[in-house]
Amino acid sequence: MEYENKHILAPMVRVGTLPFRLLAAEYGANITYGEEIIDHKILKCERRVNDYLGTTDFVERGTGDVVFRTCHEERNRLVFQMGSSDAVRALAAAELVSKDVAAIDINMGCPRSFSISGGMGAALLSKPELVHDILTTLRRNLNSAVTCKIRLLNSSQDTVELSRRIEMSGVSALAVHGRRVKDRPRDPAKWSEIADVVSALSIPVIANGDVFDYEHFERIKIATGATAVMVARGALWNASIFRAEGKLSWEDVKREYLRKCILWDNGVKSTKQTLKEMIMHYSCLELAEGKVVTKSQTIADLANIYGEEGYYQFVTKNR
Ligand code: FNR
């Protein structure tokens, strides 16, 4: 993986499935992270080649649910993000997917109680020994790149100290979300504390937080000195943020997202959630569009709402 000057789609639960990643890449994202998947979950899956779609699917035994879907086109820019609290389990999970992705990333920033209570996500920020154990185990046993994504600790000094330990474990890059665990998404990201990490490390640092327009990629890069920039909400609200020529209309991007969900047979839960997040940003779920999307139960329902029933029928008939 090359990180110099790269624009990166951040990991986003429910959002970062195959259609959204392909959409972001089409608009210019150089590296795309998948949504965080917990090691336990991927370990319940078997790898299946899906000839109908041209994808590789990781399908949960018993339920038949597709937990992770990818395709060859994204192989060299795809980062599989995992939630884990155990080196042996993380390695077993990573080995399942590693030949289909470019890098394995460990989430060390998730503040949700589900993650923290399982010893994952932000819980790892206060366990440097375990962090070292997980990362060195992955590094020694995988051919793919290994990275991790952290949040800021209580002081810049603590963040730098942890970052140095992470660097020593041999990771290829470190993504830093410029907020502390207790910060809310609306609190401004502390770019100056990301800069402190950049100054202390020699591996590529990926700066993350508050990129909402194409110009912000350069702004955060200059402010932090980071090698690459990662964007989450700015891309969720309009994935064409990655276009150097400027954003496309939200309506067009939303429709293109839905068409990709139809084409790649995306799960309805993830498709609905992503559309709802977009609607909540630009409009309101209580208005007509929000209400019908909330009520929809299938991808066919969503196709009808957005006048894509013809495309839906064409795709499903020819599959
Ligand atoms: C996230 N974030 C996140 N982070 C992570 O490491 N793994 C994940 O699965 C998720 N999931 C997720 C879902 C959604 C809907 C949002 C909005 C965010 C955090 C995200 O990657 C990023 O670090 C923060 O949102 C800060 O970046 P922005 O939004 O300021 O660009």
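Which residues are the closest to the ligand, and how many surround it? In this predicted model, 16 residues surround the ligand, and the closest are Gln81, Lys149, Asn208, Asp210 and Arg233. Two of these turn up again when polar atoms are paired off. A polar side-chain atom of Arg233 sits 2.6 Å from an oxygen atom of the ligand. Asp210 takes part through its backbone, with a polar atom there 2.9 Å from an oxygen atom of the ligand.

Most residues other than glycine have a negative phi. Asp210, though not a glycine, has a positive phi of about 70 degrees. Its place is in the loop that runs between strand E11 (205-208) and helix H8 (214-224). So where else does an Asp with a positive phi of about 55 degrees occur? The residue in question is Asp265, again not a glycine, and it is found in the loop between H10 and helix H11 (268-282).

That brings the helix packing into view, starting with H10 itself. Helix H10 (residues 250-263) packs with helix H14 (residues 309-318) at an angle of about 25 degrees, and their axes are 9 Å apart. Angles under 35 degrees count as roughly parallel, and H10 and H14 are therefore roughly parallel to each other. Their crossing is right-handed. On the H10 side the contact is made by Arg259, Ile262 and Leu263, and on the H14 side by Tyr311, Tyr312 and Val315. Sorted by class, the residues of this contact come out as five nonpolar, no polar and one charged.

What about H6 and H7? Helix H6 (residues 156-168) and helix H7 (residues 191-200) have axes 9 Å apart and pack at an angle of about 40 degrees. H6 and H7 are therefore oblique to each other, and the crossing is right-handed. From H6, the residues Ser156, Thr159, Val160, Ser163, Arg164 and Glu167 meet Glu193, Asp196, Val197 and Ala200 in H7. The class breakdown for the contact of H6 with H7 is three nonpolar, three polar and four charged.

A further helix pair is made up of helix H3 (residues 87-97) and helix H5 (residues 128-141), which pack at an angle of about 35 degrees with their axes 9 Å apart. H3 passes H5 in a right-handed crossing. H3 brings Ala87, Ala90, Leu91, Ala94 and Glu95 to the contact, while H5 supplies Asp133, Ile134, Thr137, Leu138 and Asn141. By class, that gives six nonpolar, two polar and two charged residues in the contact of H3 with H5.

Terms used
Residues numbered from 1 in each chain as written. Predicted model: local features only at pLDDT ≥ 70, side-chain atom pairs only at ≥ 80, totals over all residues. Heavy atoms only, no water. Axes fitted to C-alpha atoms, helices over the stretch in contact; angles between N-to-C directions. Helix = DSSP H or I, 4+ residues; strand = E, 2+ residues; numbered from the N terminus. Parallel < 35°, antiparallel > 145°, perpendicular 65-115°, else oblique. Left-handed = near helix turned anticlockwise from the far one by under 90°. Contact = heavy atoms within 4.5 Å. Nonpolar A, V, L, I, M, F, W, Y, C, P; charged D, E, K, R; others polar. Near = heavy atom within 4 Å. Polar contact = N/O pair within 3.5 Å; in protein donor to acceptor, adjacent residues only side chain to side chain.
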